[in-house]
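How do the words we use follow from the values?

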Amino acid sequence: MRKNTNNTDNDSLQQKEAEQLQDFIGDIGNFELPDIDLNLMEFLPSDETEETRYTLPKVVPMKEDFVLYDNAQKMARELRLGFGERFDAFVSGSFIFGDFIEAYLTTQNACAKKMTISTLSMSQNNVDSLHTLMEKGYIEELNLIISVYFWGNERSSLIPYIYKQLDIGDRFQLAVAGVHTKTVHFETLGGRKIIMHGSANLRSSGNIEQFTMEENPELYEFYDEHFNRIIDKYATIRKPIRNSKAWDLFTRMTFNDKH
């Protein structure tokens, strides 16, 4: 049976809640919070208010690490990813994942024979970075898979810019699909098969992010196989069929016509 509380008990309880809330606000620093109703927890039974499953969120200022491109460059320069090795990283919301890709290729003097990127969203700076990498020979072939959400929001602005900047010498493909993946995988001229995957889109998000980078041929082939299926089905650039593929298609059509 639950005990009834009198007015004195209620006053004491509300005073205790106010003190706890003041302690919570005191940890925030200079953040301004909207007015909070001290009766927020009245929906809880009176005998459960001291210890419950529910706690007020702690809002704290985010320490900014890897804010500038120089820091991404430093991280990429110090990273030595050998065959079969991997590393995991947490980065701040100011970290720009697209900048890290550029920094890694340029500081390691690596060339990606083919790079495939899937992302929910990206920025104009990301496009410019990829353009530079293609122009300077750090990326020979680029496949970019973007979300339907991004296409719908940027169809009249950033999408035309992507075609203009990245459709260079028939070395680029843009696919649009219902994806929420954030991945990069590429094979270097030196034979390394590298995968990056995590929560980060190419542009900064204002949130703490994580990503993993590893040299893993088996995982690379797994990613490449399945993303190639998406590219084949949802590609937006028509490309001519050349060389052996053209011959295979011609002979297959001729054979089918005869039968």
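The questions below concern a predicted model.

Q: What makes strand 1 (86-91) and strand 4 (172-177) edge strands?
A: The open sheet has 7 strands in the order 1-7-6-5-2-3-4. Strand 1 and strand 4 each pair on one side only, so they are called edge strands.

Q: How do you know that strand 2 (residues 112-119) and strand 5 (residues 183-188) pair?
A: Pairing needs at least two bridges between the strands. Strand 2 and strand 5 have 6 bridges, so they count as a pair. The sense is antiparallel. In one of the bridges, Lys 114 has Glu 187 of strand 5 as its partner.

Q: Through what do strands of a sheet pair?
A: They pair through backbone hydrogen bonds, either parallel or antiparallel.

Q: Which strands does helix 7 (residues 217-234) lie across?
A: Helix 7 lies across strand 2, strand 3 (142-147), strand 4, strand 5, strand 6 (193-198) and strand 7 (209-215). Helix 7 runs at about 70 degrees to strand 6.

Q: How many helices and strands are there in the protein?
A: The protein has 8 helices and 7 strands.

Q: What makes a residue count as buried, and what percentage of the protein is buried?
A: A buried residue has under 20% relative accessible area. Such residues make up 37% of the 259 residues.

Q: What percentage of contacts between residues at least 6 apart in sequence join residues at least 24 apart?
A: The value is 79% for this protein. A contact here means heavy atoms within 4.5 Å.

Terms used:
Residues numbered from 1 in each chain as written. Predicted model: local features only at pLDDT ≥ 70, side-chain atom pairs only at ≥ 80, totals over all residues. Heavy atoms only, no water. Helix = DSSP H or I, 4+ residues; strand = E, 2+ residues; numbered from the N terminus. Axes fitted to C-alpha atoms, helices over the stretch in contact; angles between N-to-C directions. Buried < 20%, exposed > 50% of the residue type's maximum accessible area, 1.4 Å probe, protein only.
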